[in-house]
Amino acid sequence: MKNIIFFGPPGAGKGTQAKVISEYLNISHLSTGDILRKKLLDNDELAKELKSIMSSGNLVSDEILNSIVSLRLKNERVNGFILDGYPRTIAQSKFLDNFLMKNSISINHIFNIQINFQTLQERILKRSSEESREDDNIDVIKTRYNEYLNSTEKVSNLYKQKNSTIFQEVDGSQQIHEITQKIKEILKKS
Ligand code: AMP
């Protein structure tokens with residue numbers, strides 16, 4: 001059983017890698033962005049609120065995210081899981097650490113996929129033409145990247161300090177298959 005966290009700025013390719021690796025290891029892929037985008041289809045009051053937050057590139061409240069993730073982890077942690085897009089704030093990381101401790105779950109690997117702003121901007125604009133996501137345009141990309149710098153990067157730095165033996169930096173500017181290969185090699189070594 002493997003429990004993994006993927007960190008990285010928007011457009012770093014963490015969703016792509018998390019999907020491939022979850023299939024490779026046959027474990028659950030918990031993408032909070034995907035879960036929230038599915039929720040938007042409900043078209044109720046919560047969906048409207050989420051839509052306005054997400055389409056502007058801001059973060060959804062910790063309360064909503066913590067309840068989504070804890071519910072999914074309770075149901076889906078049997079074979080292992082990949083967290084993709086969570087935790088993104090210090091409050092979420094505290095909630096997660098507490099949840100994992102209470103349920104005697106440990107994290108085996110943390111991958112931090114890094115790319116520079118120019119590359120991620122090009123990638124996100126390409127994705128916007130392919131997937132027509134409302135949050136994939138220049139202004140929103142800047143907001144999302146700032147949310148990453150102001151909030152999520154602090155979380156990954158904290159995990160790097162506290163869990164240096166399981167924390168791996170991955171160069172996200174490489175080709176998708178090269179990144180997958182690198183991650184698989186690290187997984188095989190453990
Ligand atoms: P993503 O697909 O991971 O880039 O997420 C898309 C959007 O969903 C983000 O820009 C946020 O608005 C929201 N979101 C996803 N995960 C989280 C999280 N852990 N905390 C807060 N907001 C989130």
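## Aromatic pairs

Four aromatic pairs turn up in this predicted model, where a pair means Phe, Tyr or Trp rings (for Trp, the six-membered one) with centres within 6.5 Å, called stacked when the planes are under 30 degrees apart, edge-to-face over 60 and tilted for the rest. Phe7 and Tyr159 make a tilted pair, with 5.7 Å from centre to centre and 50 degrees between the planes. Phe7 belongs to strand β1 (residues 2-7) and Tyr159 to helix α7 (residues 138-162), so their pairing ties together parts 152 residues apart in sequence. Helices (H or I, at least four residues) and strands (E, at least two) are DSSP runs, numbered from the N terminus.

Tyr145 and Tyr148 are stacked, because their ring centres are 6.2 Å apart and their planes are at 25 degrees. Ring pairs also join these two with Phe117 in a cluster.

## Charges over rings

Two lysines are worth a look here. The charged end of Lys162 sits over the Tyr159 ring, 5.9 Å from its centre, and that of Lys184 sits over the ring of Tyr24, 4.5 Å from its centre. This calls for NZ of Lys or CZ of Arg within 6 Å of the ring centre and within 35 degrees of the ring normal.

## A cis bond in a loop

Tyr86 and Pro87 are joined by a cis peptide bond, with omega about 0 degrees. Pro87 is in the loop between β3 (80-84) and α5 (90-102).

## About the model

Residues are numbered from 1 along each chain as its sequence is written, and side-chain values use heavy atoms, leaving out hydrogens and water. As the model is predicted, local features need pLDDT of at least 70 and side-chain atom pairs count only at pLDDT 80 or more, while totals for chains, interfaces and linings use all residues.
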